[in-house]
Amino acid sequence: MPVEVRLFATFREGRFKEKQMEFPQASSLADLLEHLQIAETEARILLVNGTAVSAEHKLAPHDVVSIFPPMAGG
Amino acid sequence: MGLTEKQMERYSRHVMLEQIGSLGQEKLLSSKVLIIGAGGLGSPAGLYLAAAGVGTIGVVDADRVELANLHRQIIHHTDDVGQEKVTSARNKMLAVNPDIAVKTYRQRAKADNIRDIVRDYDFVIDATDNFPAKFLINDACYFEKKPFCHAGVLRFHGQLITVIPGRTACYRCIFHSVPPPGTAPAGSQVGVLSVVPAVIGSLQATEAIKFLLGLGELLTGTLLTYSALTMDFRKVHLNRNPNCPLCGKDPQITQLKDESQVAENNANRKRT
């Protein structure tokens, strides 16, 4: 199924900004993170269609997934 | 009350804006903004809000100026190293604009003091550099119903969001709890490009002025991200989280806690 993946800040380094990707049915966000080699502990902000979800969240076709690192600097 | 002749001149470029005018400027002069953190984000925010004529500005910071602060914290000068940050910041803001009042709080924002400080202000700028403080400010502003602008920076990147508590997505709606130690580097450990907090802190000041004057559209329900390397600004729409532990349907957080003490517990708790 097609999923749009948008990466932000440091997650773009060595990866991409946004990409249409294909995942098998019933894939979870954890599968997507593993595929992108992003540690679950680092991806503290996971949004699917603008709503915060956990890594166990199951993906649906045409979901828009946004992944942010936490930023504490000031 | 009306503006004096000198004020008409000082703020003339504001006054000539149809959306501000002399009434808008008077409104700014009677407004109060609290800046928590007099560092990379707080420097431009403090200087611009002072210059813009926000009548009362509070500054909270417990630290002293260090040499390693100076490449980005432009409110502090070389001669200020060793000086209390709140005093250094106050001196520069009053030098820019003696028209305003600057209140200083030389203390760390904590569960037992933050609500009393926040209560006196119309808008709060979170310019802190650590997660426990950011969660504390989010929660305190929620309980005190104070609008605020959150921001964070890291390396070449920054992000900010404005929160109207109880009405728009809060920091916990998207972020839930303090990350466990070691999973989220602070700027002091990984570095930050000097101008990144300047961009983001100026945007926080912009949000404050817009809120005070009721201008335009705020960054509510919207995270604005900035990457200096690609000069890429992006808005990400954020929904309120019905499972938010603070502002959701079944809140678990009903009073303020110092997050540093509870971070470990939260780290072991599953996110919703």
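Helix α7(B) lies across β1, β4 and β5 of chain B. Its direction runs at about 170° to β5(B). Axes are lines fitted to C-alpha atoms, for helices over the stretch in contact, and angles run from 0 to 180 degrees between N-to-C directions. Contact means heavy atoms within 4.5 Å. Helices (H or I, at least four residues) and strands (E, at least two) are DSSP runs, numbered from the N terminus.

The model is predicted: local features need pLDDT of at least 70, side-chain atom pairs count only at pLDDT 80 or more, and totals for chains, interfaces and linings use all residues. Residues are numbered from 1 along each chain as its sequence is written, chains are lettered from A and ligands numbered from 1 in the order in which they are written, and side-chain values use heavy atoms, with hydrogens and water left out.

**The sheet of chain B**

Chain B has an open sheet of 8 strands, ordered β3-β2-β1-β4-β5-β6-β7-β8, with mixed pairing. Two strands pair if DSSP finds at least two bridges between them. The edge strands are β3 (101–105) and β8 of chain B, and each pairs on one side only. On average, neighbouring strands are turned by 15° against each other, direction ignored. Helix α5 (residues 85–96) of chain B packs on this sheet and touches β2 (56–60) and β3 of chain B. The direction of α5(B) makes about 175° with that of β3(B).

**The sheet of chain A**

Chain A has an open sheet of 5 strands in the order β2-β1-β5-β3-β4, again with mixed pairing. Its edge strands are β2 (18–22) and β4 (51–52) of chain A. Helix α1 (residues 29–36) of chain A packs on the sheet. It touches β1, β2, β3 (45–48) and β5 (64–68) of chain A, at about 60° to the direction of β5(A).

**Where the chains meet**

In the interface, 41 residues of chain B contact 30 residues of chain A. The buried area is about 2900 Å², with 54% from carbon and sulfur atoms. Buried area is the accessible area (1.4 Å probe) that two parts lose on being put together, summed over both. The interface holds 4 salt bridges, each a side-chain nitrogen of Lys or Arg within 4 Å of a carboxyl oxygen of Asp or Glu. One of them joins D232(B) to R12(A) (2.9 Å, N to O). Elements of chain B that each supply at least two residues to this side include α7 (131–144) and β8 (232–237).
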